[in-house]
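Open the structure in your viewer and keep the selection tool ready. Each stop below tells you what to pick.

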Amino acid sequence: MRFPTNGLLVAINDYSFLECSSLTGTVTIPSKVSYLGSGAFFDSAITALEMVEDGALEYIGDSSFSSCSSLTGTVTIPSKVSYVGSSAFESSAITALDMVEDGALEYIGDSSFYFCSSLTGTVTIPSNVSYLGNYAFAYSAITALDMAEDGALEYIGDYSFYSCYDLKGTVTIPSKVSYVGNYAFFGSAITALDMADDGALEYIGDYSFGEYPSLTGTVTIPSKVSYVGYYAFYGAPLSAINVLSSLLSSIESYAFGSSTVSPCGYTSMYSDDGAPATLTVPSSLPSSVYQPVLYSCVLVVAPVITGN
């Protein structure tokens with residue numbers, strides 16, 4: 001489908017081409033269009049999408065290309081787009097995603113790229129994005145994630161990168177992020193985690209980094225964290241956990257239990273070389289906060305070191 005390139009079209013309204021199962025080929029969004037409505041091409045048979053990178057487009061609506069299972073190739077989000085809606089590209093067959101690093105994008109909606117199982121390569125979250133929705137990239141095949149350390153991101157939603165089994169390397173949590181959701185990175189293959197010591201992070205959700213046999217070394221819990229969830233790092237054979245926060249109200253059970261099981265059946269907290277993990281906490285932190293970790297990791301023989 002081709003709209004007139006020099007036409008006057010400025011908006012494609014909600015549900016304009018909803019379930020047009022015979023609509024195939026490439027769709028080119030004209031450069032003057034600023035609004036692409038919710039469900040605009042939902043469940044159509046289009047195979048490619050062209051959006052002018054420096055065009056007028058500002059808004060990509062909820063479910064606009066959801067269930068376009070024949071839509072493949074690279075999708076480029078134009079530089080003026082500030083909103084990518086919930087389920088915008090859910091269950092499409094796109095293979096790559098290009099978002100202008102310093103563009104206007106602020107909001108990546110819930111399930112926006114959910115179940116894009118052919119989406120691979122590196123995803124770069126633009127520096128102005130403040131909200132990364134629940135299930136945003138769950139079940140995708142991305143291999144690396146780049147989030148600007150000093151970017152605007154504040155919220156990483158529940159299940160946002162859930163079951164991204166090919167996601168590897170280091171993940172850096174930007175300094176303004178206050179919430180890392182439940183199951184946010186569950187089941188990925190990341191090898192290292194970098195969280196700013198004095199960043200805004202307050203909440204590390206249940207199972208957020210669970211099932212990570214590849215995540216090793218030291219994890220530092222930043223100074224403003226108040227909650228580390230159940231099974232947050234379960235399965236990661238860490239060598240050390242360094243807690244900087246004296247604001248913690250709870251480190252929940254099995255937060256740092258590794259996948260090494262003792263002969264008596266308890267799960268223990270051991271690093272990948274078989275040495276016991278160390279847990280360092282501030283001297284001002286009440287023992288009641290971290291006791292659940294010790295109870296659930298009963299074979300830890302290294303001492304709890306109070307300091308910081």
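Two strands pair if DSSP finds at least two bridges between them. Strands (E, at least two residues) are DSSP runs, numbered from the N terminus. The model is predicted: local features need pLDDT of at least 70, side-chain atom pairs count only at pLDDT 80 or more, and totals for chains, interfaces and linings use all residues. Residues are numbered from 1 along each chain as its sequence is written, and side-chain values use heavy atoms, leaving out hydrogens and water.

**Stop one: the sheet.** Select the 11 strands in the order E1-E3-E5-E7-E9-E11-E13-E15-E17-E19-E21. They form an open sheet with parallel pairing.

**Stop two: one pair.** Pick residues 179-180 (E15) and 203-204 (E17). These strands run parallel, joined by 2 bridges. Which residue stands opposite Val-180? Ile-204 in E17 does.

**Stop three: two loops.** Go to Ser-111, between strand E9 (107-108) and strand E10 (120-125). Its phi is positive, near 60 degrees, and it is not glycine. Ser-111 is buried at 14% relative accessible area (buried means under 20%, exposed over 50%, partly exposed in between; 1.4 Å probe, protein chains only). Now select Tyr-254, in the loop between E21 and strand E22 (278-282). Tyr-254 also has a positive phi, about 60 degrees. Tyr-254 is partly exposed, at 26%.

**Stop four: Glu-149.** Find Glu-149 in the loop between strand E12 (141-147) and strand E13 (155-156). At 44% relative accessibility, Glu-149 counts as partly exposed.

How values were computed:
Helices (H or I, at least four residues) and strands (E, at least two) are DSSP runs, numbered from the N terminus.
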